[in-house]
Amino acid sequence: MSEDQHIPIYDAQAPSEESKQLVALFRDLESRQLDFLDDAAKSVVERVATFLAILFGVTAFGSVFPPPYLKDNAAAKTFVIITLVLYLVALGAGMWAIQPRYYRRYTYNVSLLAKELEKITKRKIFWLRFAGILFAVGSVALAALVVVIIWHA
């Protein structure tokens, strides 16, 4: 073996009370990770629904449709459509993250069980991140819509 291929040797020490607490904290976080991801996805769905209500309030509801501030304002109409699409896809992604699924339960194979848990966690994280990004971009588009409406008025 060459010198750069040696396995480093660390001095063994008894774990301190602080390190034991840190390990316990991470063990607890890991055990509650799926619940946290589900709660976060539900939160994204709730936020998107709230912002969709705002978007509909700005664009669709009123005594006259389309509202006067959308007539002859192509930029505002474009931002309405972009925001609506982004929010609807974010809503779908958040709901997909918490959608009940069938998961394999390997009773006697802990390795496959660990892989299944990792697969579940990765899927939830992916869809939650995707929903969060779409929500953020949709919120920027909503802010741009408001700016365009004010600017055009």
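**View 1. Salt bridge between Asp28 and Arg32.** Asp28 pairs with Arg32 in a salt bridge (a side-chain nitrogen of Lys or Arg within 4 Å of a carboxyl oxygen of Asp or Glu), with 3.0 Å between the closest N and O atoms. Asp28 is partly exposed at 34% relative accessibility, as is Arg32 with 44%; buried denotes under 20% relative accessible area, exposed over 50%, and partly exposed the range in between (1.4 Å probe, protein chains only). The model is predicted: local features need pLDDT of at least 70 and side-chain atom pairs pLDDT 80 or more, while totals for chains, interfaces and linings use all residues. Residues are numbered from 1 along each chain as its sequence is written, and side-chain values use heavy atoms, leaving out hydrogens and water.

**View 2. Salt bridge between Asp38 and Lys124.** The N to O distance in this salt bridge is 2.6 Å. Asp38 belongs to helix H2 and Lys124 to helix H4, so the pair ties together parts 86 residues apart in sequence. Helices are DSSP runs (H or I, at least four residues) numbered from the N terminus. Lys124 is buried, at 6% relative accessibility.

**View 3. Salt bridge between Glu116 and Lys119.** The side chains of Glu116 and Lys119 meet at 3.7 Å, N to O. Both residues lie in helix H4, three residues apart, about one turn of the helix. Glu116 is buried at 8% relative accessibility, whereas Lys119 is exposed at 52%.

**View 4. Buried residues of helix H3.** Among the buried residues of H3 are Val80, Leu86, Tyr87 and Leu91. Helix H2 (33–59) and H4 are included in what covers the buried residues of H3, with contact meaning heavy atoms within 4.5 Å.

Note on methods: Helix = DSSP H or I, 4+ residues; strand = E, 2+ residues; numbered from the N terminus.
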